[in-house]
Amino acid sequence: MENILLYIILFAPLVSAALSYFLTKKWAGETLVGFSLLVLLAAIMAWFKQPVSSGFELDWILAGNQNFSIGLYYDQLAGIMTIVVAIVALLVAIFSMEYMKHDGGQPRYFAMLGLFAFSMYGIVLASNLLLTFVFWELVGFSSYLLIGFWFEKDAPPISSFKAFLMNKVGDIGFLLGIFILYAFFKTLNIQELIGLDPVNAAIPNGLLIALGIGLFLAAVGKSAQFPLQTWLPDAMTGPTPVSALIHAATMVAAGVYLMVRVFPMLAPEVLTVIGIVGGITAFMGAFAAFAQNDIKKILAFSTVSQLGYMIMAVGAGFPVAAFIHLTTHAFFKAGLFLCSGSIIHYYHETNHTAGFDPQDIRNMGGLKKVLPFTFMAFTLCMLSLAGLPLFSGFLSKEMILNGLVSADHLPSFVLVFGFASVFMTAAYMARLYFKVFFNQQVAGEKYAEAVSVKVPLLTLSSLSIGFVFSMNPLSPDDSWLLSVLTSYKGIGIADHFVWVPILSIGLALSGLIFSYLYIERKMLSGLVSGVKSLTYNLSNRNFYLDDIYDVAFVSGSKTLAKAAYWWDQKVVDRVVNLMGKTQVVLAYLIGWFDRRIVDGGVRLVTWLVNFAGNRTRQVQGGNLQNYLAWAVFGVLLIFYFFELMT
Amino acid sequence: MEGIDLNIIAFYILAGFSVFSALGILFAKNVVHAVFLLVLVFLGIAGVFIISNAEFVGVTQIMIYIGGVLILMMFGIMLTHRIDGKRLESENRSVLIATLLGFGLLGILFYPIKAGFPLFDFGSNEETGFTVTEQIGIHLMTTELIALEVTAVLLLMALVGAAYLAGLNLKKKGVNDTD
Amino acid sequence: MIPIEHYIIFSSMLLVIGLMIILIKRNAIMILAGVELILNAANINLVAFSQNDPSLSGQMMTLFVIVVAVAESAVALAIVYQIYRHQGISNIDELNELKG
């Protein structure tokens, strides 16, 4: 059983889900925490014990000579990813115990979290694209369940439905990519495919591009890239720990993870498209985050923007940079989400005014004094997100920006978007930060966070510090992550440009200062209001993407649906009704036949039997004189036979 | 020759008398009439016995049947019918079937006669020197002694049983039986 | 000697009449009368054939038949009486309580 650790990682969350839903209802949270801890230990042990490039393959479907196999595969990429997912999942589980303590649906909640973790580990460990696709759909499904967790409210069911649909658009691309790959290479094993080198293989160029675009479409759906990113902000209607786990750290990163996995299969044209889409997403996400008032939506748009960075890095040809940014981003964004969860939880616990929105930052302020621990964690994570030196975000962001600069196949506006987003990221985070924590007008009593809130925040914020990832926090090239990823085929280190970190640090600092001046000092109001009047609606409505979709797809679909309804009503239904009437007439005929002919026959038979029975009953009727009559009759018969017949 | 003719004439008279009386029973409605007609039938049969060289049997027939059985039957009628001035009528059933069967049986019985009826001759019984009655007495005490004893026991049992049956009071056992 | 055929015809007629009485009449006592008629028909035959028999077995048998007939009618009448007392009926075909 050399793969026992992989089995534990994969199936422990599923077991936990089943246990917490069916057995340990009262202790569902503790069950999940215990199993998550087990998974984390298994993941760390696997890092040291499990040989690289190990795994196994099993036959799943044998259709003629077509063999579809499933299997698990373990390398450093998967190892780091499992550890990241395990850490975030464990902390989120701990946090959820406090956050959901008043909710009645706890068994369901923790079971869904377990199901999600199972599917996520499945994506990470799957050795071939078919199995990846299976778990891909499973994460989509569990995400759907968790977004719609409070299904009795108005918004969550619609949001979950939207997320599901948007993901489906991407999944179709994924499926098409899988079809093309299987058609040409007769295998879906990722390592075998990379060994076959699809980019240089004898495969039509159009199909190669279609294959790459298809796989990228999967990431567009799952990682909320332009133009499918609108589901992610709406997905914030789910519970906040869920947002931290699924919609910040793990599931949305699955798209990036897939891109990193299949990077050697992507044609250069596809990489250009990926880079452009990533740049647009990064910019749009950062821009849209400005005008939001919901704390979670700001973070959601920030996530979209950071995912755009990762995709940009993939497009630039540096998937390792994307992966490292994925890792660092998972920690500090999950930390930010958990901080927001702590804040929302605080308002839930203390403010019971009807109609009060605990997620609206206009209602917040002065929380520095109220939630000092959350404040500290938020500061660390925010600085990391802004990309300041000494923090983990700096390392990965520098790698990405260096990569962008050195990639000459991308249009220059992508680079501009990349740097602009650095400024904007710092600015909108600072806006959120100062509004929530410093505004003195609204303040309350000091509130002690629970231990199960503090532990995740502490862990995540300390994981946002640069020393964790690199001995020299100013130089991303020294990161130990780079050295362990040597076996990965798409490895590539961008040239180091001296002006890039200086420019990005400068932009980030100016963004922070800009927001500080505007929010805290009430300066620059003229400039801001001028810009605001032009762009506020654009930002607030996220470039009217939802409205465009409404016009383009929703109303079109509705018209189509109406036409289909008319067709159904007027044509199909009438045909069906006609058939129904014919059937009824036929049924009457058959019924008449049944009653008159068949039943009559049956009744005739019964009457005959009855008649015969009655006649024969008379013979045995107990009447002595009848007996005698029959006896005499018998004598007559015997005489007739013996005498007259001879 | 004269006696033989007389015997045959007497037989015809007695037999016809019996048959007509029997038919009377068949057609009689009244039970009491039927029983009296039965007396006539038995009388005729007894006469036939007597002219058939069986005087003892004929006398026994008269004594037992007419003196015993018929009295018994009269008692039976009186006990099983309410004597309230109404005529004791007996109803008929399935006359047609019975008639057909009867004539069929009669046909069977008459069928062999047309072929003649040869008899084995055992010899005359005049040679022993005893009268018929004496012979019967001798037989009863010698060859038929066991049969006589068994018959006596049977008769005793039958009479005891009849007395017991008639005296059995079933009503006392069943509480809810109607009177 | 009276021809034996005459006896047979005589006894056959009595037998058939007795049988028809048994079949036709509903009254129990009439049926008993029919039974006596049939027995007497048998007796006539016995007596007729014993005319040619020096050992007189037929007449002996006739005597026993008469005795048994007496016993039979005594028991039968007792039963009829008991049925009438118990069920209130004297017609044989109404006795159908045990009929299925």
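What share of contacts in chain B between residues at least 6 apart in sequence join residues at least 24 apart? The share is 55%. Two residues are in contact if their C-beta atoms, placed from the backbone, lie within 7 Å.

This is a predicted model: local features need pLDDT of at least 70, side-chain atom pairs count only at pLDDT 80 or more, and totals for chains, interfaces and linings use all residues. Residues are numbered from 1 along each chain as its sequence is written, while chains are lettered from A and ligands numbered from 1 in the order in which they are written.

**View 1. Chain B has six helices and zero strands.** Read along the sequence, its pattern is α-α-α-α-α-α. Helices (H or I, at least four residues) and strands (E, at least two) are DSSP runs, numbered from the N terminus. Chain B has 179 residues, and 24% of them are buried. A residue is buried if 20 or more other C-beta atoms lie within 10 Å of its own, exposed if 12 or fewer, and partly exposed in between; these C-beta atoms, too, are placed from the backbone.

**View 2. Chain C touches chain B.** Here 58 residues of chain C are in contact with 75 residues of chain B. On the chain C side, helix 1 (4-24), helix 2 (28-50) and helix 3 (57-87) each supply at least two residues. Helix 3 of chain C gives the most, with 21 residues. The chain C side divides into 40 nonpolar, twelve polar and six charged residues. Ala, Val, Leu, Ile, Met, Phe, Trp, Tyr, Cys and Pro count as nonpolar, Asp, Glu, Lys and Arg as charged, and the others, Gly among them, as polar.

**View 3. The largest nonpolar core holds 204 residues.** A nonpolar core is a set of buried Ala, Val, Leu, Ile, Met, Phe, Trp, Tyr and Cys residues joined through C-beta atoms within 7 Å. A:Ile9, A:Val88, A:Leu125, A:Val256 and A:Ala334 touch the most other members. Helix 3 (residues 76-99) of chain A gives the most to this core, with 18 residues. Look at A:Ala334: leaving aside neighbours within four places in sequence, its contacts include A:Val88, A:Ala248 and A:Leu460. Apart from this core lies another, of 70 residues, among them B:Ala54, B:Phe56, C:Leu56 and C:Tyr81.

**View 4. Two strands of chain A form a hairpin.** Strand 1 (residues 54-63) and strand 2 (residues 66-74) of chain A pair in the antiparallel sense over nine bridges. Strands pair if DSSP finds at least two bridges between them. A:Ala63 stands opposite A:Gln66. Two residues lie between the strands, and A:Gly64 takes a positive phi near 65 degrees.

**View 5. Two loop residues have a positive phi.** Most residues other than glycine have a negative phi. A:Leu390 is not a glycine, yet has a positive phi of about 75 degrees. A:Leu390 sits in the loop between helix 16 (372-386) and helix 17 (392-406) of chain A. It counts as partly exposed because it has 13 C-beta neighbours inside 10 Å. B:Asn53 is not a glycine either, and its positive phi is about 65 degrees. B:Asn53 lies in the loop between helix 2 (31-51) and helix 3 (55-80) of chain B. With 19 C-beta neighbours inside 10 Å, B:Asn53 also counts as partly exposed.

**View 6. A:Asn351 lies in a loop of chain A.** The loop runs between helix 14 (319-350) and helix 15 (367-370). Why does A:Asn351 count as exposed? Because it has 12 C-beta neighbours inside 10 Å. Leaving aside neighbours within four places in sequence, A:Asn351 is in contact with A:Phe356 and A:Pro358.
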